[in-house]
Amino acid sequence: EVWATLPASDRIHPLIRTPGPFDDFDVSLTVRFIKGSYDHISAGLELRSGDEGDYVVRISAQGTFNLGWHRKTDWGGAIVSWTEHPSLRPRPGEPNRLRVMMRHEQLRIYFNGVLATSLHDSKFRSGVIRIVASPSIYDTLIVAFSDLQLRDVK
C-alpha cells in the first residue's frame, strides 16, 4: 500500500506512472481516502497519457465519479460529469476498487466489481498510465492506494 500526503491545492497531482506507454489494457487499484476536505477530494487514474493529452477517471470521497480528458495541459472537458454511483462507498477510510479496461476505442469503468459505464472515444490511442490524486484548496489530502494490477488486453 502506498500513502500520499498532498498539501491544499487546486490541481490533479500525478503520483506514480508506468515506465512506458500502453494502448489496450485492464488496470485496477484500490483507493482509500484517509483525510481531507470530504466535499472536494478525489483520486484515480490518468490513462493513455502522452504529449497530446490523456483521459482521467476519478472517484470522490462522496461516492461520485467523473471521466474527462486533457488536451496537453489544458482541461478538455467532461465525458461523464460528476455522477453518483451506488457501488461507491462514501465513508472515510472505506476501500473502493477502481477498474478501467480500454481496448481500441472502447472504455469500460467498474467500481467494486460493478460496471459503471461503457463508451467509445478515440481521442488518444496510447500513453502511460498514472495514479493521480486531487486535494482541495482547503485542506491536506491523505489517500492510500493498494493492489495495483495492470494487464495487457488482446
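1. H13 touches L6, I131, V132, A133 and P135, leaving aside residues up to four places away in sequence; contact means heavy atoms within 4.5 Å. The model is predicted, with local features needing pLDDT of at least 70 and side-chain atom pairs counting only at pLDDT 80 or more, while totals for chains, interfaces and linings use all residues. Residues are numbered from 1 along each chain as its sequence is written, and side-chain values use heavy atoms, with hydrogens and water left out.

2. Is H13 buried or exposed? H13 is buried, because its relative accessible area is 19%; buried means under 20%, exposed over 50% and partly exposed in between, with a 1.4 Å probe and protein chains only. The side chain of H13 also makes a polar contact with the side chain of S9, at 3.1 Å. A polar contact is a pair of N or O atoms within 3.5 Å; within protein, one must be able to donate a hydrogen and the other to accept it, and residues adjacent in sequence count only if both atoms are side-chain atoms.

3. H13 lies in strand 2. Strands (E, at least two residues) are DSSP runs, numbered from the N terminus. Strand 2 is joined to strand 11 (residues 128-134) by four bridges, and the two run antiparallel. Two strands pair if DSSP finds at least two bridges between them. R17 stands opposite R130 in strand 11.

4. Which strands make up the open sheet? Six strands form it, in the order 2-11-4-5-6-7, with antiparallel pairing. Strand 2 (13-17) and strand 7 (74-84) are the edge strands, each pairing on one side only. From one strand to the next the twist averages 20 degrees; axes are lines fitted to C-alpha atoms, and angles run from 0 to 180 degrees between N-to-C directions.

5. The structure holds three aromatic pairs. One of them, W69 with F124, is tilted, at 6.4 Å centre to centre and 55 degrees between the planes. W69 lies in strand 6 (residues 64-71) and F124 in the loop between strand 10 (114-120) and strand 11, so this pair ties together parts 55 residues apart in sequence. Rings of Phe, Tyr and Trp (its six-membered ring) pair if their centres lie within 6.5 Å; planes under 30 degrees apart count as stacked, over 60 as edge-to-face and the rest as tilted.

6. W69 and F124 are both buried, and together with Y55 they form one aromatic cluster.
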